[in-house]
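Visitor: Can you walk me through this one? I'd like to go residue by residue where it matters.

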Amino acid sequence: MGVQSGSDTRPSLSLGLGLKVPRDPRWSLRFEARGYATLTGGDRDLLCVGGDIGLECRVRYQGDVLMQGEALAGLMFRFK
């Protein structure tokens with residue numbers, strides 16, 4: 001018995017901010033942050049697999065907005 005999957009197109013919004021802090025003419029610090037929001041339907045099950053006792057889902061959520069975020073930090077070097 002296979003797991004059926006469908007394809008839905010949902011509205012999504014993302015916002016990103018960045019900051020570069022010069023420390024020297026040759027190197028600087030860089031910080032970035034991004035946030036994502038996707039409008040979804042009601043109850044959803046994700047990462048489902050078939051098991052001995054039936055369908056088993058690892059991730060479940062309920063709501064109208066799925067939000068995600070990420071933060072990055074790094075060093076930038078300039079070579080001449």
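Visitor: Which strand is Leu75 in?
Guide: Leu75 belongs to strand 5, which covers residues 65–77. Bear in mind that this is a predicted model.

Visitor: And is Leu75 buried or exposed?
Guide: Exposed: the relative accessible area of Leu75 is 51%, and the cut-off for exposed is over 50%.

Visitor: Which residues form the nonpolar patch on the surface?
Guide: Leu75 is one of them, together with Trp27, Phe77 and Phe79. Their accessible area together is about 510 Å².

Visitor: Switching to charges. How many salt bridges does the structure hold?
Guide: Three. In one of them, the side chains of Arg30 and Glu32 meet at 2.9 Å, N to O.

Visitor: Where does Arg30 lie?
Guide: Arg30 is in strand 2, residues 27–39.

Visitor: Why does Arg30 count as partly exposed?
Guide: Because its relative accessibility is 39%, and partly exposed runs between the 20% limit for buried and the 50% limit for exposed.

Visitor: What does Arg30 touch, leaving out residues up to four places away in sequence?
Guide: Arg30 touches Leu19, Leu72, Ala73, Gly74 and Met76. Take Gly74: Arg30 and Gly74 are 44 residues apart in sequence, yet their C-alpha atoms are 5.2 Å apart in space.

Visitor: What does Glu70 pair with?
Guide: The side chain of Glu70 forms a salt bridge with the side chain of Arg34, at 4.0 Å, N to O. This pair links distant parts of the chain, with Glu70 in strand 5 and Arg34 in strand 2, 36 residues apart.

Visitor: Is Glu70 buried, partly exposed or exposed?
Guide: Glu70 is partly exposed, with a relative accessible area of 36%.

Visitor: Which residues do the shared partners join into one network?
Guide: Arg30, Glu32, Arg34 and Glu70.

Methods
Residues numbered from 1 in each chain as written. Predicted model: local features only at pLDDT ≥ 70, side-chain atom pairs only at ≥ 80, totals over all residues. Heavy atoms only, no water. Helix = DSSP H or I, 4+ residues; strand = E, 2+ residues; numbered from the N terminus. Buried < 20%, exposed > 50% of the residue type's maximum accessible area, 1.4 Å probe, protein only. Contact = heavy atoms within 4.5 Å. Patch = residues over 30% accessible without salt bridge, like charges linked within 9 Å, V, L, I, M, F, W, Y side chains within 5 Å. Areas by Shrake-Rupley, 256 points an atom, 1.4 Å probe, with all protein chains shown as cover.
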